[in-house]
Amino acid sequence: MKPLLERLQSGEILVGDGAIGSMLIAHGLESGQCPDLITLEAPEVLAAIGRQYLEAGSELLTTNTFGASPLKLADYGLDDKAEEINRNAVAILREVAAGEAYVSASCGPSGCILEPYGDTSEEAVYTSFERQMSALSDVDVICIETMSDLREATLAVRAAKAVQPDKPVLATMTFDETPRGFFTIMGTSVADACAGLLEAGADVVGSNCGNGLEKMIEIAADFRAATASPVLIQSNAGQPVLEKGVVHYPESPDFFAEHTPDMIAAGASIIGGCCGTTPDHIRAVRKVIQ
Ligand SMILES: [Zn+2]
């Protein structure tokens with residue numbers, strides 16, 4: 001495979017993958033269970049999800065390591081398993097991808113609040129990401145995602161670049177709409193997020209999760225207005241609603257297909273999905289891009 005950044009710089013639009021978490025819930029993951037432990041307990045489930053995304057046309061397959069930083073794993077008393085979980089998650093997808101897709105390491109928030117608002121030091125967060133990213137040495141790409149605190153996001157980007165300087169780093173944050181535009185819950189605007197992530201060393205910036213595809217198209221345009229760097233957008237399938245005790249995401253694969261031309265026009269370089277998206281969403285997006 002050609003290096004990811006080379007393809008993006010030539011103007012190619014790539015397709016990411018969709019949700020893992022909501023797929024795991026569909027496979028029987030119960031609330032309160034550590035999703036990252038599935039890697040050790042049921043690797044075949046993750047391989048099956050990875051294969052479905054590959055068959056649907058995903059060019060990046062995301063590891064099940066969103067919460068596998070030692071700080072986050074400590075919520076479940078599993079921080080001593082960080083290396084084993086991260087290494088195994090990569091190995092599962094390495095085999096599935098078989099050179100046909102990039103293996104992308106998911107790194108989510110630590111779950112801790114940085115000083116002075118919380119009691120976690122920058123050093124503790126940096127060290128935690130450093131440990132996770134060292135264990136993810138066999139990936140093609142590192143994807144830092146669902147960040148709301150720009151300081152934490154930049155610590156993660158710096159740790160990624162320190163540990164794996166030759167790997168592309170993708171960094172995405174989650175925004176809500178306010179009367180003054182889009183901001184993270186910590187109050188960071190798209191323009192500030194974009195500048196801060198790039199300055200820390202990110203190669204690709206953008207947004208994931210969020211409040212549905214139409215808002216994400218506006219966010220993509222805001223990123224594109226702020227940078228010439230590649231932009232990654234992975235939208236939820238809309239805001240989840242509870243129907244008869246089951247969480248349902250309203251935006252269908254057809255809805256994603258309909259809006260993909262607008263997403264490309266807004267400036268997205270990699271288009272994937274977040275919560276509630278499935279291999280069918282990815283297949284629909286891929287068809288439009290092709
Ligand atoms: Zn999400």
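Which residues of the largest nonpolar core touch the most other members? In this predicted model, local features require pLDDT of at least 70 and side-chain atom pairs count only at pLDDT 80 or more, whereas totals for chains, interfaces and linings use all residues. Residues are numbered from 1 along each chain as its sequence is written, and side-chain values use heavy atoms, with hydrogens and water left out.

The largest nonpolar core has 69 residues, and Met133, Ile142, Ile144, Leu197 and Met263 touch the most other members. A nonpolar core is here a set of buried Ala, Val, Leu, Ile, Met, Phe, Trp, Tyr and Cys residues joined through side-chain atoms within 4.5 Å; buried denotes under 20% relative accessible area, exposed over 50%, and partly exposed the range in between (1.4 Å probe, protein chains only). Contacts of Ile144 (heavy atoms within 4.5 Å), with neighbours within four places in sequence set aside, include Cys107, Met133, Val157 and Leu170. Another core, of 12 residues, lies apart from the largest one and includes Leu4, Leu14, Leu232 and Ile270.

Helix α4 comprises residues 43-56; helices (H or I, at least four residues) and strands (E, at least two) are DSSP runs numbered from the N terminus. Its 14 residues should span 20 Å at 1.5 Å a residue, in agreement with the 20 Å between its end C-alpha atoms; the expected span is 1.5 Å times one less than the number of residues. Buried positions of α4 include Val45, Leu46, Ile49 and Tyr53, and the buried residues of this helix pack against α2, α3, β2, α6 and α12. Gly57, which follows α4, has a positive phi, near 110°.

In helix α11 (residues 253-266) lies Thr260, which is buried with a relative accessible area of 2%. The side chain of Thr260 reaches the backbone oxygen of Phe256 at 2.7 Å. Residues up to four places away in sequence not being counted, Thr260 touches Ile271, Val285, Val288 and Ile289.

The zinc ion has as protein donors Cys209 (SG), Cys274 (SG) and Cys275 (SG), which lie 2.2 Å from it. Donors are N, O and S atoms within 2.8 Å of the metal (3.2 Å for Na, K and Ca); water is not among the atoms, so sites may look incomplete. Cys209 belongs to strand β8 and Cys274 to the loop between β12 and α12, so the pair ties together parts 65 residues apart in sequence. Cys274 is buried, with a relative accessible area of 13%.

Zero disulfides (pairs of cysteine sulfur atoms within 2.5 Å) are found in the whole structure. The sulfur of Cys34 lies 14 Å from the closest cysteine sulfur, that of Cys112, which is too far for a bond.

Terms used. A polar contact is a pair of N or O atoms within 3.5 Å; within protein, one must be able to donate a hydrogen and the other to accept it, and residues adjacent in sequence count only if both atoms are side-chain atoms.
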